[in-house]
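Please open the structure in a viewer and keep the selection tool at hand.

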Amino acid sequence: DAKTTQPPSMDCAEGRAANLPCNHSTISGNEYVYWYRQIHSQGPQYIIHGLKNNETNEMASLIITEDRKSSTLILPHATLRDTAVYYCIVRVFKAAGNKLTFGGGTRVLVKP
Amino acid sequence: NAGVTQTPKFQVLKTGQSMTLQCAQDMNHEYMSWYRQDPGMGLRLIHYSVGAGITDQGEVPNGYNVSRSTTEDFPLRLLSAAPSQTSVYFCASSPGQGSKGAQHFGDGTRLSIL
């Protein structure tokens, strides 16, 4: 699986959009971008995933650049409950066992 | 719908003791995995299973055994606990290949080895 690079931490104001970048310059053509988050002391939670088109669901939007070397997760209206560590993961869609390789992630602090 | 259930939530062991961490899911998922998370780190894959009777090693399998006799259960055994195995352990499950690949995680077992 391709490696990803994320900033270690970022702050965001409550009610504003949070834009979380991820660099994956070595991504292969058959690799998807997945985002998970981990709220303190809980198990990771799936957020969204995509291949090359932008994706949106009830939690977030995912913007993938045309060359697929980077992506941005957007939380449109951050709340205090969005404070968590966010992980960007790149992997083959049908990876054996659906394995995930976690990096260090971005620690997001939403401030009132 | 309970999702992924892990027991116990907390455990303290002495070096050399053995124990089994339990994981059960009620979503009829084919795939199950065990991860460990050390302080300030991301999760690392220990073992995984793609179906009943089939298991394979992840990144950090040494010191751990698994078995998958049923679709629902995927226990993790520590053979002889060592202080280096002090960690938070997460179990995850997901539908088989061809699904979205999104995994469902349990709330973790916090294990301390003295």
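**The disulfide of chain A**

Begin by selecting Cys22(A) and Cys88(A), which form a disulfide with their sulfur atoms 2.1 Å apart. The model is a predicted one. Turn the view to look along the S-S bond: at -80 degrees about that bond, the link of Cys22(A) and Cys88(A) is left-handed. Now colour the strands of chain A. Cys22(A) belongs to strand β2 (residues 18-23) and Cys88(A) to strand β8 (residues 84-92), so the pair ties together parts that are 66 residues apart in sequence.

Are these two cysteines buried or exposed? Buried means under 20% relative accessible area. Cys22(A) has a relative accessible area of 2% and is therefore buried; Cys88(A), with 1%, is buried as well.

**The disulfide of chain B**

Next, select Cys23(B) and Cys91(B). Their sulfur atoms lie 1.9 Å apart and form a disulfide. The torsion about this S-S bond is about -75 degrees, so the disulfide is left-handed. The pair links distant parts of the chain, with Cys23(B) in strand β3 (residues 19-25) of chain B and Cys91(B) in strand β9 (residues 87-94) of chain B, 68 residues apart. Cys23(B) is buried, at a relative accessible area of 2%, and Cys91(B) is buried too, at 0%.

Remain with the cysteines for one further selection, Cys12(A). This residue is in no disulfide, and the nearest cysteine sulfur, that of Cys22(A), is 18 Å away. Cys12(A) is buried, with a relative accessible area of 8%. Over all chains, the structure holds two disulfides.

**The largest pocket**

Which residues are closest to the centre of the largest pocket? The space in this pocket amounts to about 490 Å³. Select Gln38(A), His40(A), Ser41(A), Arg107(A) and Gln37(B): of the 23 residues that line the largest pocket, these are the closest to its centre. Then highlight β8 and β9 (106-111) of chain A together with β9 of chain B, the elements that give two or more residues to the lining. Coloured by class, the lining of the largest pocket shows 11 nonpolar, nine polar and three charged residues.

**The second largest pocket**

Move on to the second largest pocket, whose volume is about 300 Å³. It is lined by 17 residues, and the closest to its centre are Pro44(A), Gln45(A), Tyr46(A), His104(B) and Phe105(B). The elements giving two or more residues to this lining are β3 (31-38) and β4 (45-50) of chain A and β10 (104-105) of chain B. By class, the lining of the second largest pocket has seven nonpolar, eight polar and two charged residues.

**Backbone details**

Select Thr7(B) and Pro8(B), which are joined by a cis peptide bond with omega of about -5 degrees. Pro8(B) is located in the loop between β1 (4-7) and β2 (10-13) of chain B.

Select Arg68(A) next. Its phi is near 65 degrees, a positive value in a residue other than glycine. Arg68(A) sits in the loop between β6 (61-64) and β7 (70-75) of chain A and counts as buried at 9% relative accessibility.

Asn28(B) is found in the loop between β3 and β4 (31-37) of chain B. Is Asn28(B) buried or exposed? At 60% relative accessibility, Asn28(B) counts as exposed, the cut-off for exposed being over 50%.

How values were computed:
Residues are numbered from 1 along each chain as its sequence is written. Chains are lettered from A and ligands numbered from 1 in the order in which they are written. This is a predicted model: local features need pLDDT of at least 70, side-chain atom pairs count only at pLDDT 80 or more; totals for chains, interfaces and linings use all residues. Side-chain values use heavy atoms; hydrogens and water are left out. A disulfide is a pair of cysteine sulfur atoms within 2.5 Å. Helices (H or I, at least four residues) and strands (E, at least two) are DSSP runs, numbered from the N terminus. Buried means under 20% relative accessible area, exposed over 50%, partly exposed in between (1.4 Å probe, protein chains only). On a 1 Å grid over the protein atoms alone, a cavity is a set of points where a 1.4 Å probe fits but cannot get out, and a pocket is an open set with protein on both sides within 12 Å along at least five of seven lines; lining residues have an atom within 4 Å of a point. Grid points are joined across faces, edges and corners, and a volume is the space filled by probe spheres set on the points. Ala, Val, Leu, Ile, Met, Phe, Trp, Tyr, Cys and Pro count as nonpolar, Asp, Glu, Lys and Arg as charged, and the others, Gly among them, as polar.
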